[in-house]
Amino acid sequence: MSRSNPALSAPLLILILGLPLGASCNASLHGLPFIDDPVDMADQGAEPVDAGPLPCVNLKCQIPNCSKMGGGTTSISGVVNIPAGNLPLYNATVYIPNAPVGPIVTGASCDRCDNLYSGDPIVMTTTDVNGRFTLTGIPAGADIPLVIRLGKWRRQITIPSVQACTGNKLDPALTRLPRSRSEGDIPKIALVTGGFDAIECLFRKLGIEDSEFTKESDPGRVNLFAGHGGTVSYQAGFNGGANFTVASDSPGLADGWWSSVENLKKYDIIVLPCEGLPFVDEKSKAARDAMEDYINLGGRVFASHWQNVWIGSGP
């Protein structure tokens, strides 16, 4: 895809930083007894002392009361992998929503943890060190929604069928992170190529589809920029062989892409592979200030090896 030197090694970098829901609470829909039995209405004119539990809403109405069905537990289990499907991910959040899931905002943002998981989750868990998860006490029936999120990666799937009061194992193909925008949310990533690390090759190994590698003027989630000694254009036939926007400043001539926080803050993640030396003259004070401002806005930066110049010579 890019004219990187195949002899150069890339460090192992793992940058894995609304479904329509039925509104019916009809208990006869699946013929199941539910956790919340209907509350008897008080006689007309009588003032109730205790109204009892509130009626269920949406998918909560499909949570079976297994104690009335001979025992057991309604659960689903699976494993969350990178988009390629071959590497498990620790600490990914998995949940079943009970309302439409809101959009993820692209760009630098300081997000509160309690605002990350929209859709009024019914039950939630996180994956273990092997990427495995189990959700218990869940709704049963057809077309049960499931949300998988890690950072600004998110995939929403529909489980065709969940059997009541038993364990349900999910196909791993359903629970990997998305490979493209058509499969889910992918953070907006800017990668500046460097002469000593061909990290741009690694993103394809992660499983991100080629359609997501585009010029910054196009909607793809991975945009490449030219750094010192790095690849400067796509191969012929890929994105028209377009040249990358130059990231580096040219001393006394022009500011590069990274000299403006307005450019940087459009991205969730900025990746800076090693260029071989600090080349501090190509990272002007304006650029170093802009990078600090970007981080203070909540942006994420991966800086490899000599890119420590952003810290060592930064504000």
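Tutor: Phe-225 and Tyr-267 are both buried, where buried means under 20% relative accessible area, exposed over 50% and partly exposed in between (1.4 Å probe, protein chains only). This is a predicted model, in which local features need pLDDT of at least 70 and side-chain atom pairs count only at pLDDT 80 or more, while totals for chains, interfaces and linings use all residues. Residues are numbered from 1 along each chain as its sequence is written, and side-chain values use heavy atoms, with hydrogens and water left out.

Together with Trp-257, Phe-225 and Tyr-267 form a cluster linked by ring pairs. Rings of Phe, Tyr and Trp (its six-membered ring) pair if their centres lie within 6.5 Å; planes under 30 degrees apart count as stacked, over 60 as edge-to-face and the rest as tilted.

Across the whole structure, the search finds seven aromatic pairs. One of them joins Tyr-95 and Tyr-117 edge-to-face, with 6.0 Å centre to centre and 75 degrees between the planes. Tyr-95 belongs to strand E2 (residues 93–96), whereas Tyr-117 sits in the loop between E2 and strand E3 (123–126), so the pair ties together parts that are 22 residues apart in sequence. Helices (H or I, at least four residues) and strands (E, at least two) are DSSP runs, numbered from the N terminus. Tyr-95 is buried at 0% relative accessibility, whereas Tyr-117 is partly exposed at 25%. A further edge-to-face pair is that of Phe-225 and Tyr-267, at 6.1 Å centre to centre and 85 degrees between the planes. Phe-225 lies in strand E9 (residues 222–226) and Tyr-267 in the loop between H3 and E11, so this contact ties together parts that are 42 residues apart in sequence.

The buried residues of H4 pack against helix H3 (261–264), strand E11 (269–272), strand E12 (300–303) and helix H5 (309–312), contact meaning heavy atoms within 4.5 Å. Those buried residues are Ala-287, Arg-288, Ala-290, Met-291 and Tyr-294. They cover an arc of only 160 degrees around the axis, which puts them on the same side of H4; the arc is that of the directions from the helix axis to the C-beta atoms. An α-helix has 3.6 residues a turn, so residues three or four places apart point the same way. Exposed Lys-285 and Asn-296 are carried on the face of H4 turned away from its buried side. Just after H4, Gly-298 takes a positive phi of about 105 degrees.

Covalent links complete the picture. The structure holds two disulfides, each a pair of cysteine sulfur atoms within 2.5 Å. In one, the sulfur atoms of Cys-56 and Cys-61 are 2.3 Å apart. The torsion about this S-S bond is about 110 degrees, so the disulfide of Cys-56 and Cys-61 is right-handed. Cys-56 is buried at 17% relative accessibility, as is Cys-61 at 2%. The sulfur atoms of Cys-66 and Cys-165 are 2.2 Å apart, and this link is left-handed, with -100 degrees about the S-S bond. It connects distant parts of the chain: Cys-66 is in the segment before strand E1 (75–79) and Cys-165 in the loop between strand E6 (153–162) and strand E7 (167–169), 99 residues apart. Cys-66 and Cys-165 are both buried.
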